[in-house]
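Please open the structure in the viewer and keep the selection panel at hand.

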Amino acid sequence: MSECKIFILGQGLAGTCLAWRLFERGIPFRIHDRGFGGSSRIAAGLINPITGKNFEPSWLIQEFHPEAVSFYQKLEELLAAKLWYPLPVLRLSSSEKESRKIAAKLESSHIAPWLSDQAFPGVPTGFHTAVELKGGGRVDTELFISLSHKFFSNKGLTTEQSELPADTTILCQGAEGLVENKLGQHRCAKGEILTVRANWPESHIRIGAGGWLVPIGARTFRIGSTYEWNQLDELPTQPGLERILGLANKLGGPDFEVIAHVAGIRPILRRSQPLIGKNKDGNWIFNALGSKGTLYAPKMATMLSDWILDKKEPLEHFRYTGEDAAC
Ligand SMILES: Cc1cc2nc3c(=O)[nH]c(=O)nc-3n(C[C@H](O)[C@H](O)[C@H](O)COP(=O)(O)OP(=O)(O)OC[C@H]3O[C@@H](n4cnc5c(N)ncnc54)[C@H](O)[C@@H]3O)c2cc1C
């Protein structure tokens, strides 16, 4: 263990992406994860360039999207597995008002690059209009994490110890690192997801009616999600189930079989923007990936490794300072 200069605690998307960045640079490290829980293991892994009911681009999408896609694609070779599944997104409007709101934005310079130039597949039953977007897809986050763990373990880079003497400790604990307000007032949100089997079209991710439906192959789909700020545990609930069954009906149709129901906690601080920096104990933190960890983790990991190894400070809006966490 004498060569361990860097210790990473937590191997969700944050810890895993950071470990890869260090590995690429030949920097010795050890990574520990307790092997269960965390939101990366249950996330749908969706990347959707234009999000939310306001139909706006994800924060700094032009910077983060290319690095995320090339990061996962590059690792597919090394891990001998498919991780990134590009899929067009069908953004569905449930009402005339919503359709008008979206239509008004289609010409804008920050939306137009993401509009598909493919033939339009038609509007699914029950919806008013549909807009097709490019740049979307999903990452198989569970596979990414488990194969990365196996890879690092084979190289002797994982440890069973949850504390190690190291020059640098980096806490990548997700919501667990936030819920006690150790880094400032958090806004973590529990979310639930269903996996279902159905004979629905698999050509598009569908987004609308306040939820999403992601085809994951072999006639299976992930559907979500819920937002709950008070009961922050990882247990699926009956109200969560009912809400997602409603979404499944709207986004897919009435005929499906539920095969899994899971829950996790989104790690959120500030305005749902990811943060890197040092906490008051002098340890580095990489957290607050919010509901878009798949998109943000690869580039944030590059910035953090450059900061630690090359003293290259990231721009202010990426830096955790303690004060801004409470905004
Ligand atoms: C329902 C739901 C759906 C989501 N869908 C998407 C999506 O489609 N697309 C997307 O981009 N994002 C999605 N997200 C968000 C995404 O899951 C998070 O942004 C991301 O996973 C956070 O990664 P993380 O590494 O920071 O935290 P986590 O994934 O929670 O990882 C933290 C790890 O640290 C470990 N750990 C913590 N403390 C300790 C300790 N003391 N000792 C040992 N190990 C420890 C935990 O076990 C865990 O493995 C979703 C989240 C939820 C809840």
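Select His204 first: this residue has 22 C-beta neighbours inside 10 Å and therefore counts as buried, the cut-off being 20 or more. The model in view is a predicted one. His204 sits in the loop that links β11 (189–197) with β12 (205–208). Now display its contacts: apart from neighbours within four places in sequence, His204 touches Leu87, Pro88, Val89, Leu90 and Pro121.

Next, select helix α1 (residues 13–24) together with helix α6 (residues 293–310). Their axes approach within 8 Å and cross at roughly 45 degrees, so α1 and α6 are oblique to each other. The crossing of these two helices is right-handed. On the α1 side, show Leu13, Ala14, Cys17, Leu18, Arg21 and Leu22; on the α6 side, show Gly293, Thr294, Ala297, Pro298, Ala301, Thr302, Leu304 and Ser305. Coloured by class, this contact comprises nine nonpolar, four polar and one charged residues.

Finally, colour the chain by its domain assignment: domain 1 (6–84 + 139–186 + 270–326), domain 2 (89–134) and domain 3 (189–266). The centres of domain 1 and domain 3, taken over C-alpha atoms, are separated by 24 Å. Where these two domains meet, twelve residues of domain 1 contact 13 residues of domain 3. The domain 1 side of that contact has six nonpolar and six polar residues, and no charged residues.

Notes: Residues numbered from 1 in each chain as written. Predicted model: local features only at pLDDT ≥ 70, side-chain atom pairs only at ≥ 80, totals over all residues. Domains from an automatic or database assignment. Contact = placed C-beta atoms within 7 Å. Nonpolar A, V, L, I, M, F, W, Y, C, P; charged D, E, K, R; others polar. Axes fitted to C-alpha atoms, helices over the stretch in contact; angles between N-to-C directions. Helix = DSSP H or I, 4+ residues; strand = E, 2+ residues; numbered from the N terminus. Parallel < 35°, antiparallel > 145°, perpendicular 65-115°, else oblique. Left-handed = near helix turned anticlockwise from the far one by under 90°. Buried ≥ 20, exposed ≤ 12 C-beta atoms within 10 Å, placed from the backbone.
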